[in-house]
2 protein chains.
Amino acid sequence: MDTDTRRPLARLIRSSRIASLGTLRRGAPNVSMVAYLASADFACFWLRVSRLAWHTQDLAVDPRVALSICESDDGRSDPQTLARVTVRGDATVLLGDDAATQSLQLKWLERFPASAVTFELADFSFWRVAPRDARFVAGLGRTYNLSAAELARAAQESA
Amino acid sequence: MDTDTRRPLARLIRSSRIASLGTLRRGAPNVSMVAYLASADFACFWLRVSRLAWHTQDLAVDPRVALSICESDDGRSDPQTLARVTVRGDATVLLGDDAATQSLQLKWLERFPASAVTFELADFSFWRVAPRDARFVAGLGRTYNLSAAELARAAQESA
């Protein structure tokens, strides 16, 4: 995957705010919309979810997830040309309130100001999705399978 | 769920063209973007996919799916207020070329003119997702669990 492909991948991940989170629910697929924030090096995809939500209950049972980020449908003739990436990995809850978590909280609030209320509710936590691999569809017939290391290389592209 | 909730659900399903398809891939969650078309009564969600695609390989092994349709992110302050619905059910491939399939093909081409080429390729087929249940998030904290029958009631709302 060359720079001309890594750049739109990095742009897609950085410019989007919502993703479709695939989890296992009693052994069957479940998909929910979540807000996300990627770390600068694409080694972490942060979620902030309530333990009352189905997907959080799912994560507590099985950490395996797929996180799909898709370009918004702009009404173009062929929606199959929309760029999208699916990151697969494991999710772990972030407990505690150390400096790293406080720094994440600031970044999260900058991205999602309306989520301030979730920091006053006991049922919300950050979860970290650590990518195992990714699959980037840059457009029709342009599919790339990436390792976590290759995903990290895309993060080195300037914004 | 009253008319004021069923109507935006019907509008979301009818106005969107793409969905996030959750499947099982070697026992783990997979999510891919797919184009879809809902039947007028919301008893069928049609997909047209290539057997070369990962998600189609997944469906051939395990028919259980989750199909998530989400309002486009319009940059609003709080993305958690975006409306979205997840339909869960089973997918079955549609083989043959009877009158019903030909009628579906016409509707599909009307919705997705650029997909004409897929009707000349042997690896593409229609798949039908039959809803078992659905989960509609009309906005922040407004979540409704629906049976397939309740989903069908939403389809009775005028477009």
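Biologist: What share of the interface residues of chain B are also interface residues in chain A?

Modeller: In this predicted model, 30 residues of chain B are in contact with 30 residues of chain A. The copies meet through the same surface, because the share of the interface residues of chain B that are also interface residues in chain A is 100%.

Biologist: By what turn can chain B be laid on chain A?

Modeller: The superposition has an RMSD of 0.0 Å, with a shift of 0.0 Å along the axis and a turn of 180 degrees. The two copies are therefore related as by a two-fold rotation axis. The turn asked for is 180 degrees.

Biologist: Which element supplies the largest share of the side of chain B that touches chain A?

Modeller: In chain B, β1 (18-25), β2 (28-38), β4 (64-70) and β5 (84-94) each supply at least two residues of the side that touches chain A. By class, that side of chain B has 14 nonpolar, 10 polar and six charged residues. The largest share, seven residues, comes from β2(B).

Biologist: What radius of gyration does chain A have, and why does it agree with a compact globule?

Modeller: The C-alpha trace of chain A spans about 45 × 35 × 30 Å along its principal axes. A compact globule with 159 residues would have a radius of gyration near 15 Å, so there is agreement with the value for chain A, 16 Å.

Biologist: In what order do the elements of chain A run from the N terminus on?

Modeller: The secondary structure of chain A comes to four helices and seven strands. From the N terminus on, the order of these elements is α-β-β-β-α-β-β-α-β-β-α.

Biologist: Which residues touch the most other members of the largest nonpolar core?

Modeller: Nonpolar side chains tend to be buried together in soluble globular proteins. Here the largest nonpolar core has 68 residues. The core residues that touch the most other members are Val34(A), Leu67(A), Val34(B) and Leu67(B).

Biologist: Which residue takes a positive phi in the hairpin of β6(B) and β7(B)?

Modeller: β6(B) pairs in the antiparallel sense with β7 (residues 142-147) of chain B over six bridges, and Asp133(B) stands opposite Ser147(B) in β7(B). The hairpin has two residues between the strands. The positive phi, near 75 degrees, is taken by Gly141(B).

Conventions: Residues numbered from 1 in each chain as written. Chains lettered and ligands numbered in written order. Predicted model: local features only at pLDDT ≥ 70, side-chain atom pairs only at ≥ 80, totals over all residues. Contact = placed C-beta atoms within 7 Å. Nonpolar A, V, L, I, M, F, W, Y, C, P; charged D, E, K, R; others polar. Least-squares fit on C-alpha atoms with pLDDT ≥ 70 in both. Rg over C-alpha atoms; globule rule 2.2 N^0.38 Å. Core = buried A, V, L, I, M, F, W, Y, C linked by C-beta atoms within 7 Å. Buried ≥ 20, exposed ≤ 12 C-beta atoms within 10 Å, placed from the backbone. Pairing = 2+ DSSP bridges.
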